[in-house]
Amino acid sequence: MEKDHRSTPFYTKLLEYAYSNTTPLDVPGHKLGALHNDMMDVAGEMMFKLDANAPRGLDNLNRPTGVIKEAAELMADAFGAEKAYFLTGGTTMGILAMIMSVCRAKEKVILPRNVHKSAINALILSGAVPIFVAPYLDHELGIANHMDYKEVEKAILENPDAKAVFVINPTYFGVASDLKGIVDLAHEKDMMVIVDEAHGSHLPFSPLLPQSSMEAGADMSSCSLHKTVGSLTQSSILITQGPRVDHIRLRSTINMIQSTSPSSLLLASLDVARKTIYFEGPKQMPHLIEMAHQTREKINQIHGLKAVGTSYFMKNKAYDYDETKIIVKVSDLGITGFDVYKELFDEHHIQLELAETHLILAVLSIGTKQSDLDHLVEALKVVSEKYSAMQLSPLQPKIKYTYPEAYTRPREAYHAPKKYVPLNQAVDEIAAESIMIYPPGIPIVIPGEIVSQDILDDLDFYQQQGSVILSDTEGGYIKIIDKEYWMKWEDDEDL
Ligand SMILES: Cc1ncc(COP(=O)(O)O)c(C=O)c1O
């Protein structure tokens, strides 16, 4: 039966409750706005009235049978999925749930090396064995991007026992891999395909965008509706289709990591965002894509700046490109993306999504106005004039990457005894933490991998280049496995 996407079952019931004047002898402690605070003066009492915990009639996210179930069915229908789960912990939580429910300890999962850190954390929690695929390294922009089909094919054929292939659709930079090709091959080899669609929630709503996970036939995907579709920050969904999904295991994994007090504001925002994107997405996306296209053309007329789009990425082995992203290479002016990011905020009140050494990234949605893009173009003209006058030498993008050798699984490394040593004393030791470098956005090492001299040289190279380094340990130290004590833990080998 056709679904009525004008209805918003959870939001409607929540609104009914907010207006019902019910005496709140339950949590939350703000008592539906009766306990005054500063935020209420600005956000309004209604926001607190809508922040209900679990009153009768509002269903239970852990095992929905009422309005959450109805809202989730509408969500699944809108995304072309069979089933949808609402998440209040972002796609971070979706990725944990997907990998943990698909891979048991010691089972293999094929994934790109430039995964979000939640995927590395999922390896620790599940005990899975990662088989990394090298992402495409874009030497002009200095970033790691999508996966080339051939690389994934090689990993699948070399690891016929892998349980799943994990794909990012699209990458942070908007580039899509050949997801349908990957799904077809993986399914032929009896592997599941799970998708990080944090940046792709809008894909199902226009044929002008890359194929969505469900259209490509993937088994599971997690989408950050808060990023590009307009729900509140932290609200995401996990969608599924097909016979390979074990819903009992998936549901219990989600419940393991979901709060038992999920925010009704987040859940309602998913419900209403679904309605908006369902009706407005197909109507407004062509206009948004045209605005983005015109903006790129205007930016390309500014001295020293290069806005890259579909033709650039297709030349760089992309399968498809999401044109709602605006990427501008700024380093030909002799300055970094980090400099421009700061300058646009400080001097022009523009908040960009991301900066890398060589580029800046603006993320658009159907909420983006023409005036926002005009503001960006005008601000970039000012930046270009200022730095062109200085006649700085263009920065030369360089990527250097050594793939580490794995010694043990991330989970074992996480549980092993550890010690801290200065980086220069870590050669041939086993890392017990992840060290991430942005750009190019690939972990230098993850827990369980051997720290070689080449890896330390790479780290030094990126430090010199001004990349952002993220790790647990700072100040020139690294957390490694304390091998002397580790042997005592051998009994736990099967964890
Ligand atoms: C590629 C990718 N995957 C997953 C996530 C996590 O999504 P969320 O912020 O919804 O938890 C992000 C967040 O930026 C991301 O960039």
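Okay, let's start with a definition: when I say a residue is near a molecule, I mean one of its heavy atoms lies within 4 Å of it. And keep in mind that what we're looking at is a predicted model.

So, with that cut-off, who sits around the ligand? There are 13 residues around it, and the ones that come nearest are Thr92, Asp196, His199, Ser224 and His226.

On Asp196, an N or O atom of the side chain is 2.6 Å from a nitrogen atom of the ligand. Ser224 also uses its side chain: a polar atom there lies 2.7 Å from a ligand oxygen. With Thr91 it's the backbone, where a polar atom is 2.8 Å from an oxygen atom of the ligand. As for how covered the ligand is, taken alone it exposes 390 Å², and the protein buries 84% of that.

Where is all this? The ligand takes up the space of the largest pocket. Two elements give two or more residues to the shell around the ligand: helix 5, residues 90-102, and helix 9, residues 225-228. Helix 5 gives the most, with four residues.

Is Thr295 buried or exposed? Its relative accessibility is 1%, so we count Thr295 as buried, since the cut-off for that is under 20%. What does its side chain reach? That would be the backbone oxygen of Met291, at 2.7 Å. And if you leave out residues up to four places away in sequence, Thr295 touches Ile326, Leu373 and Val377.

Terms used
Residues numbered from 1 in each chain as written. Predicted model: local features only at pLDDT ≥ 70, side-chain atom pairs only at ≥ 80, totals over all residues. Heavy atoms only, no water. Buried < 20%, exposed > 50% of the residue type's maximum accessible area, 1.4 Å probe, protein only. Polar contact = N/O pair within 3.5 Å; in protein donor to acceptor, adjacent residues only side chain to side chain. Contact = heavy atoms within 4.5 Å. Areas by Shrake-Rupley, 256 points an atom, 1.4 Å probe, with all protein chains shown as cover. 1 Å grid on protein atoms, 1.4 Å probe; cavity = no way out; pocket = protein on both sides within 12 Å on 5 of 7 lines; lining within 4 Å. Sits in = over half its atoms within 2 Å of the grid points.
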